[in-house]
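Keep the 3D view open as you read.

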Amino acid sequence: MENCPPTTVNLSTDELAQLAASIANWATELGFDQIGISDTDLHVAEIHLQQWLKAGEHGEMSYMAAHGLKRSRPELLHPGTLRVITARLDYWPEQGMQSAIDLLEQGEQAYISRYALGRDYHKLMRKRLQQLAKRIEAAIGSHNYRVFSDSAPVLEKPLAERSGLGWVGKHTNLINQQNGSWFFLGEVYTDLPLPTVEPAANHCGTCQRCIEVCPTQAITAPYQLDARRCISYLTIELQGAIPLEYRAQIGNRIYGCDDCQLFCPWNRFAQMSREADFLPRNDLDNASLIELFDWSETEFLQRTEGSPIRRLGHQRWLRNIAVAMGNAASSESIRQALRSQSSHPSELVREHVAWALSQQGQ
């Protein structure tokens, strides 16, 4: 069980290798798309993290600077950790990339990051990781473990890279050579001295497509992301007003941004997810800005139940849509919708509505 005493079962090298092979099979049975095992050496990633934090490029994401070195030193987060089992779960919800790319050109329609169209993955991932850990326990007896799914200070992508699941690309997302980058990650920290795999090799080469297409030039250099400029940060993490200099570049993206992945050549290999929970809900893959802007707070909470979008809250939902409406082609229907919220109780909403109306010529 989690946080149990250290493993007392002694396994030979051959038995550990067989256990690792069994873990991969059990993971497949549980619906994971890939599994890898790494050690806990993240000293290079730790240096990069500290430099990024020192530069302030994490913006308001104070949680990235919290917890001391626990994020880059797994044994500090969960004492006794010797290995990290990393699991990949694909989420791409559509056939091909073109429909998502085309949506970015339809200014009156809303673009929502593809990972957020369906159900929030955290509970699903955590439940399956727990089941995987229990399968291990049933096979060898109790072991000291803890499962994570974006739920604690964990350097997921460097661990996944060391686990052989892919490489961290120039956009700082993980890329799998056979499946692209549309997947979630989860981890099992364990004290079992399982055999590790070779870290994945980098295959970005000379390609800089992700850097070229970033609407706000948030990828300031290969493998360097200034989150303060990133549309995902601006529309999801930022609590206050979206800076004026980035509003026009946001276009119709009301929750997150996928451009650096949509235009990555490796994603031509991406396959549609097998998980029904990740398929679009409430027609969020084909909704108009006006339709979504009309949601009351009650309707927003109802329609986003079980969705990662819910963490925004209704005010920031309206903030984001107002910016997108300001970027849309001039339209009386859009102006009318914006005017309906011009006296909203929230100053944050009113300010963005006023900006959008000015962009709409009023």
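Two residues count as being in contact when their heavy atoms lie within 4.5 Å. Bear in mind that this is a predicted model.

**Helix H5**
- Helix H5 covers residues 121–140, and its 20 residues should span 28 Å at 1.5 Å a residue; the end C-alpha atoms sit 29 Å apart, which agrees.
- Its buried residues include Leu124, Arg128, Leu132, Ile136 and Ile140.
- A handy rule: an α-helix has 3.6 residues a turn, so residues three or four places apart point the same way.
- Among the elements covering the buried residues of H5 are helix H1 (13–29) and the strands E1 (34–38), E2 (83–90), E4 (145–148) and E7 (183–190).

**Salt bridges**
- Side chains of opposite charge can pair when their charged atoms come close.
- The count here comes to 17 salt bridges.
- One of them joins Glu29 and Arg135, with the closest N and O atoms 2.8 Å apart.
- Glu29 belongs to helix H1 and Arg135 to helix H5, so this pair ties together parts 106 residues apart in sequence.
- Glu29 counts as exposed at 56% relative accessibility, while Arg135 is partly exposed at 30%.

**A buried pair**
- Arg114 and Glu94 form a salt bridge too, at 3.1 Å from N to O.
- Arg114 is in the loop between strand E3 (111–112) and H5, and Glu94 is in the loop between E2 and helix H4 (98–103), 20 residues apart.
- Are these two buried or exposed? Both Arg114 and Glu94 are buried.

Key
Residues are numbered from 1 along each chain as its sequence is written. This is a predicted model: local features need pLDDT of at least 70, side-chain atom pairs count only at pLDDT 80 or more; totals for chains, interfaces and linings use all residues. Side-chain values use heavy atoms; hydrogens and water are left out. Helices (H or I, at least four residues) and strands (E, at least two) are DSSP runs, numbered from the N terminus. The expected span of a helix is 1.5 Å times one less than its number of residues. Buried means under 20% relative accessible area, exposed over 50%, partly exposed in between (1.4 Å probe, protein chains only). A salt bridge is a side-chain nitrogen of Lys or Arg within 4 Å of a carboxyl oxygen of Asp or Glu.
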